[in-house]
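Biologist: Before we discuss this fold, could you show me the sequence and the model, and then take my questions in turn?

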Amino acid sequence: MIRARNIRKRAALAAGSTGLALALVSGCGDGGGSPAADSLDPTSAGPSVTDTAPAVPTTDPTPPAPTSAPTPTPAPSPPPAPSATATADPSPVRPTSRPPAPPSTAPPAATPTTRPSTSTPTKAVTTAPPADGASSLWGRQYQGTTRVTVQLYDYCSPNGSRRPAGSQTYSMPTSLTVERPREAGGLRENNPFALVLSVGQPSQTGAFTLGTSVAVAASSGQLLLTYWKLSWDSGALRGQLTDNHVREAAALNLVNWATLLVPCRPELGTLPGGMPHSVAVGASLSGKLTATTTSLTAKGASDDGLVEFAFEFSGSH
């Protein structure tokens, strides 16, 4: 009995379920708004279920193509490798004082015997000089004759050393001019007077020119060059050539002598008119010089050693 009831209940329950399923199918097919299709009756058996379809995305899952090419992100640069810092070799330290130079093997240069002129006032003399003083001779000129003896040399020996090459003796007219000490560039000649002795004509072979000073033009003005150092006392004169100024190309004391066309070949002749040779430092002048007469002796040699001379001059005012 009991089993028969249970079978009837299960059959009724199955029939109700079948009807419900048919109602749902019918609601979906006609598109109507049947309440049975929308939801279950709350009084019906079983839980309430809302039939909601899953949401479907409305956009295309494919991402849109970019409108412009994206700027590539620069790859991070690798960290710089440590580089060795170049260090220059230390420069040698220059000492504050140089080591002493090794002794020179060259022969020492000749030391000029001249001394620089001493600056003295250039104011004109305002009083008459004493009659017995050297200034009493300023402006005087003496005429006379000079007897000259010349010893000649050459370098034509087999070993090239200097050797005698003859001698000559001759006479020439001579003039001696005595002037006040020269002034130039604010300096005055440090002699009792200035002398100019001319033996023969300057262009004549065997001629001599001796002068104690000269004023020359320089870029800064007049320049005074002094050649001789003179002393005079009561008519006695002594002098020495202390600087021939060859370094400045201003040689004033000269001997004019014949020069061979070809060295060591006298048979080929000489240059016409001769050639001036500078007188070497050390030449001397001595004798008497008074207001009326003069008698002087000069000795010396040329700078190149080819001519040695001695002459005596006698003249009068």
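Modeller: A disulfide is taken here as a pair of cysteine sulfur atoms within 2.5 Å. The model is a predicted one, in which local features need pLDDT of at least 70 and side-chain atom pairs count only at pLDDT 80 or more, while totals for chains, interfaces and linings use all residues. Residues are numbered from 1 along each chain as its sequence is written, and side-chain values use heavy atoms, with hydrogens and water left out.

Biologist: How many disulfides does the structure hold, and which cysteines are joined?

Modeller: A disulfide is a covalent bond between the sulfur atoms of two cysteines. The structure holds one disulfide, with an S to S distance of 1.8 Å, and the residues it joins are Cys156 and Cys264.

Biologist: Which loops hold the two cysteines, and how many residues apart are they?

Modeller: Helices (H or I, at least four residues) and strands (E, at least two) are DSSP runs numbered from the N terminus. Cys156 lies in the loop between strand E1 (141-154) and E2, and Cys264 in the loop between strand E11 (254-257) and strand E12 (275-278).

Biologist: Why is the disulfide called left-handed?

Modeller: The handedness is read from the torsion about the S-S bond of Cys156 and Cys264. The disulfide is left-handed because that torsion is about -95°.

Biologist: Is Cys156 buried or exposed, and what of Cys264?

Modeller: Buried means under 20% relative accessible area and exposed over 50%, with partly exposed in between, for a 1.4 Å probe and protein chains only. Cys156 has 17% relative accessibility and so counts as buried. Cys264, at 40%, counts as partly exposed.

Biologist: In what order do the strands of the open sheet lie, and which are the edge strands?

Modeller: Two strands pair if DSSP finds at least two bridges between them. The open sheet has eleven strands with antiparallel pairing, in the order E9-E10-E13-E14-E15-E1-E2-E5-E6-E11-E12. Pairing on one side only marks the edge strands, strand E9 (228-233) and E12.

Biologist: Within that sheet, how many bridges join E5 to E2, and how many pair E5 with E6?

Modeller: Strand E2 (residues 163-179) runs antiparallel to strand E5 (residues 194-199), and Ser175 has Ser198 in E5 as its bridge partner. Leu197 is in turn bridged to Leu210 of E6. The E2 and E5 pair has six bridges, and that of E5 and strand E6 (residues 208-211) has four.

Biologist: What is the volume of the largest cavity, and which strands supply at least two residues of its lining?

Modeller: On a 1 Å grid over the protein atoms alone, a cavity is a set of points where a 1.4 Å probe fits but cannot get out, and lining residues have an atom within 4 Å of a point. Grid points are joined across faces, edges and corners, and a volume is the space filled by probe spheres set on the points. Among the lining residues are Leu197 and Leu210, the bridge partners named above. The largest cavity has a volume of about 60 Å³, and the strands asked for are E5 and E6.

Biologist: How much space lies in the largest pocket, and which residues are closest to its centre?

Modeller: A pocket is an open set with protein on both sides within 12 Å along at least five of seven lines. The largest pocket holds about 490 Å³ of space. Of its 18 lining residues, those closest to the centre are Tyr153, Asp154, Ala258, Leu260 and Leu306.
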